[in-house]
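Dear colleague,

Please read them with the model open beside you.

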Amino acid sequence: GLLVRLLDDIEFYAGETPMLRVLVTNRNVEQENPVGNAAVSIKVLGTTFRPMLHSVKTHKDGIATVSIQIPQFTSGRAAVLIKANTKDQTAEVRCIIHPKR
């Protein structure tokens, strides 16, 4: 099925502007192939700020690159939700955002 993952091991913190490299692949029993032109949406969600949405498409190599701004916050909860869509499949990954260091 469809897989979505971050290529870099990133910890997310309030107030930062990380660059995300997202890989979208389609895995079957024998192999994993990159998915080009997949729609990728990145949502920055939190209990103390308004949601932010970024939309990109993957290149031929299955990689989409986007810079996101994480708002400052010191209380509440927040997360980054990365979702990839093709014609008939959807996959997502969630990452916690930590309050300011």
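Which residues lie nearest the centre of the largest pocket? They are Leu-45, Arg-77, Ala-78, Ala-79 and Ile-96, out of 13 residues that line this pocket.

Before going further, please note that this is a predicted model, in which local features need pLDDT of at least 70 and side-chain atom pairs count only at pLDDT 80 or more, while totals for chains, interfaces and linings use all residues. Residues are numbered from 1 along each chain as its sequence is written, and side-chain values use heavy atoms, with hydrogens and water left out.

**The pocket**

A pocket here is an open set of points, on a 1 Å grid over the protein atoms alone, where a 1.4 Å probe fits, with protein on both sides within 12 Å along at least five of seven lines; lining residues have an atom within 4 Å of a point. The largest pocket has a volume of about 210 Å³, a volume being the space filled by probe spheres set on the points, which are joined across faces, edges and corners. Two or more lining residues come from each of strand 5 (39-46), strand 8 (78-85) and strand 9 (90-98), where strands are DSSP runs (E, at least two residues) numbered from the N terminus. Strand 8 gives the largest share of the lining, 4 residues. By residue class, the lining divides into 9 nonpolar, 2 polar and 2 charged, with Ala, Val, Leu, Ile, Met, Phe, Trp, Tyr, Cys and Pro counted as nonpolar, Asp, Glu, Lys and Arg as charged, and the others, Gly among them, as polar.

Strand 5 and strand 8 run antiparallel and are joined by 8 bridges, and Ser-41 has Lys-83 in strand 8 as its bridge partner. By contrast, strand 2 and strand 9 run parallel and are joined by 2 bridges, with Phe-12 opposite Ile-97 in strand 9.

**The salt bridges**

The structure holds 3 salt bridges, each defined as a side-chain nitrogen of Lys or Arg within 4 Å of a carboxyl oxygen of Asp or Glu. Glu-32 pairs with Arg-5, their closest N and O atoms being 2.9 Å apart, and this pair links distant parts of the chain, since Glu-32 is in strand 4 (residues 32-34) and Arg-5 in strand 1 (residues 2-6), 27 residues apart. Both are partly exposed, Glu-32 with a relative accessible area of 32% and Arg-5 at 35% (buried means under 20%, exposed over 50%, partly exposed in between, with a 1.4 Å probe and protein chains only).

Asp-8 and Arg-21 meet in a salt bridge at 3.1 Å, N to O. Asp-8 is in the loop between strand 1 and strand 2 (12-13), and Arg-21 is in strand 3 (residues 19-27), 13 residues apart. Arg-94 and Glu-92 meet at 2.9 Å, N to O; Arg-94 is exposed, at 62%, whereas Glu-92 is partly exposed, at 36%.

With best wishes

Terms used:
Pairing = 2+ DSSP bridges.
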